[in-house]
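Hi everyone, thanks for making time this morning.

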Amino acid sequence: MRKYLLIILCSLFLGACTEEKAYVSDTPDEAVKKLEIDFVKDVKDIQLVEINSEQKISIFRANALNENEREYFVAFIEKKGNKWIAKEAFGVGNPTTTSSFSSGGNLLEAGFINNTNTSFTPQFINGQYIFKLPNNVDSLWVEVLD
């Protein structure tokens, strides 16, 4: 009986440690780069916007594993103690002329809009963070879910 209890406790401990530790870093940028461990490859063009002193949103371009096309990704980064953790990340794809694709997770929702008047500095407009995409007439919107 004790043997089974020990196995269960060790499994829970290892599961808890490995899930969060993989994306922990000293800075928000480093936390995003750590997503390359098993989520994406070739992370480029990281943009960050501060929600508050302990939470940030990042958009970046990368290739999903086993894919050759670079696409946009969104990440929710949170400070725990003196470390930054990428808590959630997902691919949004690329903007198209025919649709404003939207996707989401538990913490964020994101999509594309055609918005030529957006500044290159991320802005907070109507409850959404708007990121102007370089070399594109589109912007990426990100909304923090409550």
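Let me start with a question: which residues do ring pairs link into a cluster? They are Phe39, Phe60 and Phe73. We'll come back to these rings in a moment.

A quick word on where everything comes from. This is a predicted model, so to speak of local features we need pLDDT of at least 70, and side-chain atom pairs count only at pLDDT 80 or more, while totals for chains, interfaces and linings use all residues. Residues are numbered from 1 along each chain as its sequence is written, and side-chain values use heavy atoms, with hydrogens and water left out.

Now the overall layout. The chain has two helices and ten strands; these are DSSP runs numbered from the N terminus, H or I of at least four residues for helices and E of at least two for strands. Reading from the N terminus, the order is α-β-α-β-β-β-β-β-β-β-β-β. Of the 146 residues, 37% count as buried, where buried means under 20% relative accessible area, exposed means over 50%, and partly exposed is in between, with a 1.4 Å probe and protein chains only. Take contacts, meaning heavy atoms within 4.5 Å: among those between residues at least 6 apart in sequence, 39% join residues at least 24 apart.

Back to the rings, then. The whole structure holds four aromatic pairs. Rings of Phe, Tyr and Trp (its six-membered ring) pair if their centres lie within 6.5 Å; planes under 30 degrees apart are stacked, over 60 edge-to-face, and the rest tilted. One of the pairs is Phe60 with Phe73, which is stacked, at 5.6 Å centre to centre and 10° between the planes. This pair links distant parts of the chain: Phe60 is in strand S3 (residues 55-64) and Phe73 in strand S4 (residues 70-80), 13 residues apart. Both Phe60 and Phe73 are buried.

How are the rings of Phe124 and Tyr129 placed? Their centres are 4.7 Å apart and their planes are at 50°, so this pair is tilted. Here Phe124 is exposed, at 54% relative accessible area, whereas Tyr129 is buried, at 10%.

One more ring to look at: the charged end of Arg61 sits over the ring of Tyr72, 4.7 Å from its centre.

Let's move on to a sheet. Five strands form an open sheet in the order S6-S7-S10-S9-S8, with antiparallel pairing; two strands pair if DSSP finds at least two bridges between them. Its edge strands, each pairing on one side only, are S6 (102-104) and S8 (123-125). Inside this sheet, S7 (residues 108-114) and S10 (residues 138-144) run antiparallel and are joined by seven bridges.

Last stop, the backbone. Asn126 is exposed, at 77% relative accessible area. Asp45 also has a positive phi, about 55°, and is not a glycine either, but Asp45 lies in strand S2 (residues 40-52).

Key:
Lys NZ or Arg CZ within 6 Å of the ring centre and 35° of its normal.
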